[in-house]
Structures are given as C-alpha cells and as structure tokens.
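Please consult the sequence and structure alongside the text.

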Amino acid sequence: KLTVEDLELKGKKVLMRVDFNVPLKEENGEVVVSNDNRIVAALPTIKYVLDNGGRAILFSHLGRIKSEDDKKGLSMKPVAQRLADLLGQPVTFVPATEGKELEDAIAGLEDGQVLIFENTRFEDVVNGEEVKRESKNDPELGKYWASLGDVFVNDAFGTAHRAHASNVGIASNIAQTAAGFLMEKEIKFLGGAVENPERPFVAIIGGAKVSDKITIIENLLKKADKVIVGGGMAFTFDAANGKAIGNSLFEEDKVALAKQLIEEAGDKLVLPVDAVAADKFANDADTYIAEDGIKDGYMGLDAGPKSIELFKSVLSDAKTVVWNGPMGVFEMPNFAKGTLAIGEELVKVTKENGATTIVGGGDSTAAVQQLGVADQLSHISTGGGASLEYLEGKTLPGIAAISEK
Ligand code: 3PG
C-alpha cells in the first residue's frame with residue numbers, strides 16, 4: 001500500500017479527500033468553523049504535498065444534504081477560510097463540485113498552490129431531487145472527479161466507513177492512490193491496539209445505548225484483557241444482573257444479550273459498582289450515591305466513587321487503552337466526575353506506564369478536551385462512526401479502496 005511519501009508530487013494535480021465535516025456556528029451573522037480539530041489533523045499531509053511541489057485539490061463532505069435548502073448553511077467556504085488561516089497561505093474556494101469553473105481553477109493551479117471545492121454532498125441533491133450521487137457512489141461521479149487529477153491521496157479517516165464517490169469512487173478510477181499521514185496514523189494506533197496490543201490491554205466503552213455499542217463490546221471482549229462498560233448503557237447490564245435501576249436508561253430488548261455477555265465474559269467485563277443517582281435529568285437535581293441498586297424516582301447519571309476507584313485499579317497496570325464513550329452525563333458538571341476521572345487516569349498511565357492511550361468518538365474526545373489533556377494522550381481519533389466501526393472489526397470501504405490498489 002502506498003503512502004503520500006511514495007508519490008512523485010512535483011507538478012502533479014493531487015486530488016486530496018479530507019474529512020472536513022466539522023461543526024459550524026454563527027458569529028456576528030457569519031458562519032464560521034467552531035471546532036477545527038479535523039482541519040488541523042490534515043495539515044501535515046496538505047503541507048507535505050505543497051512543500052513537494054504538488055498542486056492540491058481538496059474536497060470533503062460537510063453535514064448531510066437532503067434538499068436544496070440544506071445547501072444554504074453547509075457551504076465549504078468557511079472551512080476554506082479556516083484552512084487558509086491555519087496554512088498561512090491563500091486557499092482558493094471554488095463554489096462548484098463539477099463543471100467549467102472548477103476545471104478552469106484546477107488548470108490555473110501552480111506548484112505549491114491549493115484549492116478546495118464545494119461540499120461533495122451537494123451532488124446528493126440535483127435540481128431539487130435527492131439522487132445521492134456522492135453518498136451512493138455514483139460511478140460516473142467518481143470517474144469524473146478522478147479525471148480532474150493525476151494522483152489520489154485519501155486522508156479522510158473520519159469518512160472511511162462510507163463508500164462515497166469522493167473516496168471509493170475516485171480510488172477505483174485513478175492509476176495511483178495513497179494514504180495520507182492522518183489516515184496512516186489512525187490505522188497505526190487503532191489497528192495496532194486491536195490487532196497487536198501491548199498487554200494488559202484495557203478497553204473502556206461508555207455512552208447511552210447498548211444497541212449502539214454492542215458489536216464493539218463483543219469484538220473487544222475477544223481482543224482486550226479487560227473491558228470496562230460504563231455510562232447509561234451499564235444500567236441494562238445492571239438490570240440483567242437483577243439490580244434495581246430506578247428510572248435509569250434501559251433497553252429491555254437488550255437484557256438477554258447483556259446477560260449472555262456477562263456470563264461469557266466472566267471477570268473480563270468490568271461494570272460500575274455504584275452510581276450517582278438523581279431525581280431528574282438536570283444539573284441541579286437532588287442526588288445520592290446508590291450502592292445497591294437505584295431507588296424508584298431516581299436515575300443513574302454518573303459513575304459513583306467506588307466505581308471510579310475500581311476503574312482506576314483496572315487501568316493501573318494497563319499498557320494499551322482504548323476509550324470510547326463517556327461514563328456519565330459529563331456535559332452537566334455535577335455528573336462529569338466519572339468521565340473526567342477516566343481522562344485523568346489515562347494521562348497517568350500514559351506517563352507512568354508508557355501506555356499507548358487512544359480515544360475515539362465524539363463524546364470522549366470532547367471530554368478529554370474539556371479536561372485539557374488531549375495532547376498528553378497517545379492518539380485522539382478524528383473518527384466518530386469510522387473509529388467505532390474500526391473497533392468493531394469491520395472492513396472500512398474507504399481504507400479497503402486504497403489498500404486494494
Ligand atoms: C463523521 O463525522 O462521522 C463523518 O464525517 C461521516 O459523516 P456522516 O455520518 O454524515 O456520513
């Protein structure tokens with residue numbers, strides 16, 4: 001499999017798929033990027049291409065486009081602006097995804113210059129009709145985009161679980177494809193942890209719903225030495241163990257599955273032993289520490305102090321840790337302790353054990369950022385759905401398409 005360093009870049013039109021699907025906000029009546037992590041993460045590859053005399057043609061999807069109306073708030077223009085600021089050089093924004101304006105702009109690029117064209121998902125709606133040319137990988141679209149460049153670099157790990165025209169389609173229609181540095185780094189860390197971890201390997205899975213994470217838990221129970229399951233979904237496991245859970249989150253149709261996992265996994269599966277229980281879903285709720293199940297009228301919103309100690313002891317000698325999903329409702333300060341404690345413990349094992357610590361998924365990433373420790377961990381994945389599917393052990397089409405070449 002090629003990487004960007006294997007490519008001859010000088011004078012080449014380099015098609016670069018990035019994942020710039022970033023959150024936006026309005027500021028003084030203007031739409032701006034509100035979190036540029038994914039743009040920053042792609043800079044090494046972009047700079048490498050430009051420094052080596054490539055002509056960079058960047059593109060990404062942004063949000064989901066189901067109607068002409070959706071296009072209004074989801075232009076790539078603010079992203080182009082932020083990229084220019086970060087790169088410290090002009091970035092030409094082309095407000096089209098095909099046609100003469102785009103082709104002329106590409107023809108006018110000089111070595112070391114960069115352009116970004118409009119949201120690839122604008123191709124999902126044509127003349128008001130939802131045709132999903134990009135999202136359903138219309139073969140003509142992939143072929144057309146491939147024709148615009150000489151080589152293809154895919155650095156969009158965050159989109160690797162989607163088979164779009166702009167990743168899979170282009171890859172199958174161009175002579176040379178390569179992974180960018182971000183793509184390589186994501187595969188090295190997430191793949192390394194799952195396939196060849198230094199042990200003990202501890203996985204921490206949190207979040208609200210069992211149904212969202214069940215395949216990950218099953219896969220990681222096969223790979224890891226311990227799997228900590230916390231957050232809202234732990235209550236379905238508690239219910240399976242016959243504990244009272246009050247008004248906590250609960251998926252009745254997953255109780256049998258939870259029971260089966262508890263039996264099969266034995267002490268490999270680590271569940272919370274207490275909870276911060278609240279009488280309503282609000283930061284100012286009345287709370288108590290529930291140790292023997294949760295009483296009626298209350299719901300568990302965070303891991304309790306004994307659970308935090310248990311999780312810490314499980315993590316204390318870890319050499320590899322993968323973390324996905326919060327341990328409680330960390331957006332509310334009174335229910336953030338469990339999640340923040342995991343973040344702190346990860347910093348500790350990174351420093352003291354030389355452990356490889358990997359965080360994947362939006363919520364846990366937000367938590368380590370809230371703590372201000374993101375740069376003290378080994379790797380923060382830029383993938384949401386992509387990192388989840390990777391941890392589930394699935395083949396990601398975006399990666400397969402460039403590896404097959
Ligand atoms: C993501 O943010 O997970 C990726 O960019 C994919 O976006 P999507 O879920 O809209 O396909």
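Glu-27 stands opposite Glu-30 in E3. The two strands concerned, E2 (residues 24-27) and E3 (residues 30-33), pair in the antiparallel sense over four bridges; strands are taken to pair if DSSP finds at least two bridges between them. Two residues lie between the strands of this hairpin, and Asn-28 takes a positive phi near 50°. Helices (H or I, at least four residues) and strands (E, at least two) are DSSP runs, numbered from the N terminus.

The model is a predicted one, in which local features need pLDDT of at least 70 and side-chain atom pairs count only at pLDDT 80 or more, while totals for chains, interfaces and linings use all residues. Residues are numbered from 1 along each chain as its sequence is written.

## The six-stranded sheet

Six strands form an open sheet in the order E5-E6-E4-E1-E9-E10, with parallel pairing. Strand E5 (92-94) and strand E10 (177-179) are at the edges with a single partner strand each, so one side of each is left without a neighbour in the sheet. On average, neighbouring strands of this sheet are turned by 25° against each other, direction ignored.

At one end of the order, E5 pairs with strand E6 (residues 114-117) in the parallel sense over three bridges. Within E6, Leu-115 is the residue opposite Thr-92.

## The three-stranded sheet

A further open sheet has three strands in the order E15-E14-E16, with antiparallel pairing. Its edges are strand E15 (287-290) and strand E16 (299-303); each has a single partner strand, so one side of each is left without a neighbour in the sheet. The twist averages 35° from one strand to the next.

Strand E14 (residues 275-278) and E15 pair in the antiparallel sense over four bridges. Val-276 has Ile-289 in E15 as its bridge partner.

## Packing of H1 and H2

Helix H1 (residues 37-51) and helix H2 (residues 77-87) have axes that come within 11 Å and cross at roughly 60°. Axes are lines fitted to C-alpha atoms, for helices over the stretch in contact, and angles run from 0 to 180 degrees between N-to-C directions. H1 and H2 are therefore oblique to each other; angles under 35 degrees count as roughly parallel, over 145 as roughly antiparallel, 65 to 115 as roughly perpendicular and the rest as oblique. H1 passes H2 in a right-handed crossing, meaning that the near helix is turned clockwise from the far one by less than a right angle.

On the H1 side, the contact (C-beta atoms, placed from the backbone, within 7 Å) is made by Ile-39, Val-40, Leu-43 and Ile-46, and on the H2 side by Val-79, Arg-82, Leu-83, Leu-86 and Leu-87. These residues divide into eight nonpolar, no polar and one charged. Ala, Val, Leu, Ile, Met, Phe, Trp, Tyr, Cys and Pro count as nonpolar, Asp, Glu, Lys and Arg as charged, and the others, Gly among them, as polar.

## Packing of H10 and H11

Helix H10 (residues 305-315) packs with helix H11 (residues 337-352) at an angle of about 20°, their axes being 10 Å apart. H10 and H11 are therefore roughly parallel to each other, and their crossing is right-handed.

From H10, Ser-307, Ile-308, Phe-311, Lys-312 and Leu-315 meet Lys-337, Gly-338, Ala-341, Ile-342, Glu-345 and Val-349 of H11. By class, this contact has six nonpolar, two polar and three charged residues.

## The ligand shell

Around the ligand are Asp-19, Asn-21, Arg-64, Gly-158, Thr-159, Arg-162, Gly-384 and Gly-385; a residue is near a molecule if its C-beta atom, placed from the backbone, lies within 6 Å of it. The shell comprises no nonpolar, five polar and three charged residues.

How values were computed: Two residues are in contact if their C-beta atoms, placed from the backbone, lie within 7 Å.
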